[in-house]
Amino acid sequence: MVSATSVEASRSRSKKVCVIGAGPSGLVSARELRKEGHKVVVMEQNDDVGGQWLYQPNVEEEDPLGRSSVSTNGALKIHSSIYSSLRLTSPREIMGYSDFPFLAKKGRDMRRFPGHKELWLYLKDFSEAFGVREMIRFNVRVEFVGEEENVEENVRRWIVRSREKLSGKVIEEFFDAVVVATGHYSHPRLPTIKGMDTWKRKQIHSHVYRVPDPFRNEVVVVVGNSMSGQDISMELVEVAKEVHLSSKSLEISSGLSKVLSKHPNLLLHPQIESLEDDGRVIFVDGTWVVADTILYCTGYSYKFPFLESKGRVEVDDDRVGPLFEHTFPPCLSPFLSFVGIPRKLIGFPFFEAQAKWIAQVLSGKSSLPSSDQMLQSVADFYRSRDLAGVPKHNTHDIANFEYCDKYADYVGFPHLEEWRKLLCLSALNNSQENLETYRDSWDDHELLQEALQSSHFTNLNS
């Protein structure tokens with residue numbers, strides 16, 4: 001699929017490309033696009049790089065449930081959903097881009113599972129090392145992306161309308177291609193619970209959770225047994241009167257079982273049946289508790305409030321589609337693409353492979369199947385997910401090393417190293433057994449040595 005097109009020929013097909021977002025997927029997209037000779041403009045709504053990893057402590061102006069308002073064109077005021085104490089759930093060694101390892105640096109957070117600030121600093125280092133920062137316009141919010149009307153046949157241009165947050169100035173520009181890299185951990189996904197809209201006590205989504213102090217001496221119901229739900233529950237249990245963790249399944253890991261047995265004020269419940277006017281939270285097994293606060297750790301939805309695709313890209317119960325290999329809308333490819341849609345994989349190397357593919361398709365080095373073939377591929381993928389019993393809203397939850405390798409083959413990108421896969425699985429298994437301590441107590445020393453002796457870490461000057 002990759003041809004031997006020369007660099008000169010590649011540059012003759014240079015495109016003017018808008019990348020939306022300067023988080024992990026947007027930064028690497030900008031780098032790869034420029035490598036292929038494209039002219040790149042990155043638009044970032046915040047004042048620095050990092051996307052989700054740019055911690056935003058002040059959330060007072062955000063709706064507690066993260067419901068976007070019409071006045072902001074469906075866009076939230078706060079992008080980051082990171083809370084103050086958050087640490088990585090994977091060891092730093094597996095996180096880095098292929099040619100820029102996530103090294104421990106003296107004077108910074110040198111832990112293998114560092115806090116969120118350390119990953120943000122890594123992204124800053126990356127953007128400076130590769131000259132990405134100079135391509136970014138900060139404090140610019142994209143309000144509209146749509147195709148130009150009445151263009152010549154085989155010529156497709158995109159209108160991008162953005163607003164400078166500080167001056168309010170609106171700028172309208174034309175681009176040959178747009179890469180959407182806005183992430184997937186910003187727009188809260190909320191459950192539908194009887195009485196939720198009329199319950200008079202405090203309800204918030206974890207999107208606006210930052211520190212435990214506001215919940216001191218409260219009775220808190222945490223909805224959702226995800227990693228963030230467990231993390232936040234373990235933090236709240238130190239200050240709250242009681243923490244009630246509501247989970248879809250009562251079959252839990254031995255790690256969570258150990259935590260529950262250690263903290264008598266942390267209790268496990270099934271899903272919520274209803275919320276009552278007197279403050280009661282009634283669970284489906286008939287038990288109930290009078291709560292001060294309900295904290296929803298129920299995940300996030302994909303939203304692109306700026307995109308006008310005339311129905312050719314839609315979000316249906318968090319299935320973004322149709323997207324060929326989670327990247328190209330068949331009817332708009334390759335001039336509209338998405339980076340960072342898949343979840344539950346080793347993200348940075350995957351985003352890098354996506355970015356390389358997009359850059360090479362736009363320059364002509366790589367080609368895509370026909371629109372019909374891509375649509376058929378998407379239909380086959382949906383069918384396979386349905387047959388496997390995967391809910392529609394989990395369409396993009398990959399959790400599959402083999403898929404990452406198959407994807408890399410599209411662009412001649414190296415497969416995930418075996419040590420990355422094994423370190424990832426080791427951390428996952430350790431978290432299942434030792435939920436409270438796995439980030440600071442690990443026994444993967446042999447794997448770690450193998451990783452550190454790999455070319456990823458030893459070819460730093462090549």
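These questions and answers tour a predicted model.

Visitor: What is the volume of the second largest pocket?
Guide: Start with how such a space is found. Rolling a probe the size of a water molecule over the atoms shows where empty space is left. For the second largest pocket, the volume is about 480 Å³.

Visitor: Which residues are closest to the centre of the second largest pocket?
Guide: The lining of this pocket holds 28 residues. Helices H3 (116–129), H6 (347–363), H8 (401–409) and H11 (455–458) each supply at least two residues of the lining. Closest to the centre are Ser 98, Asp 99, Phe 100, Arg 420 and His 456.

Visitor: How many residues of that lining are nonpolar, polar and charged?
Guide: Domain 1 (16–187 + 300–416) and domain 3 (420–459) each give at least three residues to the lining of the second largest pocket. By class, the lining residues divide into 15 nonpolar, 6 polar and 7 charged.

Visitor: Is the ring pair of Phe 100 and Tyr 122 stacked or tilted?
Guide: The model has 27 aromatic pairs. In this one, the ring centres of Phe 100 and Tyr 122 are 5.4 Å apart. Their planes meet at 40 degrees, so the pair is tilted.

Visitor: How many residues apart are Phe 100 and Tyr 122?
Guide: Phe 100 is in the loop between strand S2 (39–43) and H3, and Tyr 122 is in helix H3. Phe 100 has a relative accessible area of 18%, so it is buried; Tyr 122, at 2%, also counts as buried. The pair links distant parts of the chain, 22 residues apart.

Visitor: Is the pair of Phe 100 and Phe 126 tilted or edge-to-face?
Guide: Both Phe 100 and Phe 126 are buried. Their ring centres are 5.7 Å apart. The planes stand at 70 degrees, and over 60 is the cut-off, so the pair is edge-to-face.

Visitor: Which residues do ring pairs link into a cluster with Phe 100?
Guide: Phe 100 and Phe 126 tie together parts that are 26 residues apart in sequence. The cluster linked by ring pairs is Tyr 97, Phe 100, Phe 102, Tyr 122, Phe 126, Phe 130, Phe 348 and Phe 351.

Visitor: Which strands are the edges of the open sheet of 5 strands?
Guide: The order is S3-S2-S1-S7-S21, and the pairing is parallel. Inside it, 5 bridges join S1 (residues 16–20) to S2, with Lys 16 opposite Lys 39. An edge strand pairs on one side only, and that describes S3 (136–137) and S21 (336–338).

Visitor: Which residue of S16 is the bridge partner of Val 223?
Guide: S16 (residues 293–296) has Thr 293 and Leu 295 pointing one way, Ile 294 and Tyr 296 the other, and all are buried. S16 pairs in parallel with S9 (residues 202–205) over 4 bridges, where Ile 204 partners Leu 295. S10 (residues 219–223) also pairs with S16 in the parallel sense over 4 bridges. The partner of Val 223 is Tyr 296.

Visitor: What is omega for the cis peptide bond between Ser 333 and Pro 334?
Guide: A cis bond also joins Gly 321 and Pro 322, with omega about 0 degrees. Pro 334 is found in the loop between S20 and S21. For Ser 333 and Pro 334, omega is about -5 degrees.

Visitor: Is Lys 344 buried or exposed?
Guide: Lys 344 lies in the loop between S21 and H6. Its phi is near 60 degrees, a positive value in a residue other than glycine. The relative accessible area of Lys 344 is 58%, so Lys 344 is exposed.

Note on methods: Residues numbered from 1 in each chain as written. Predicted model: local features only at pLDDT ≥ 70, side-chain atom pairs only at ≥ 80, totals over all residues. Heavy atoms only, no water. 1 Å grid on protein atoms, 1.4 Å probe; cavity = no way out; pocket = protein on both sides within 12 Å on 5 of 7 lines; lining within 4 Å. Points joined across faces, edges and corners; volume = space filled by probe spheres on them. Nonpolar A, V, L, I, M, F, W, Y, C, P; charged D, E, K, R; others polar. Domains from an automatic or database assignment. Buried < 20%, exposed > 50% of the residue type's maximum accessible area, 1.4 Å probe, protein only. Pairing = 2+ DSSP bridges. Phe/Tyr/Trp six-rings, centres within 6.5 Å; stacked < 30°, edge-to-face > 60°.
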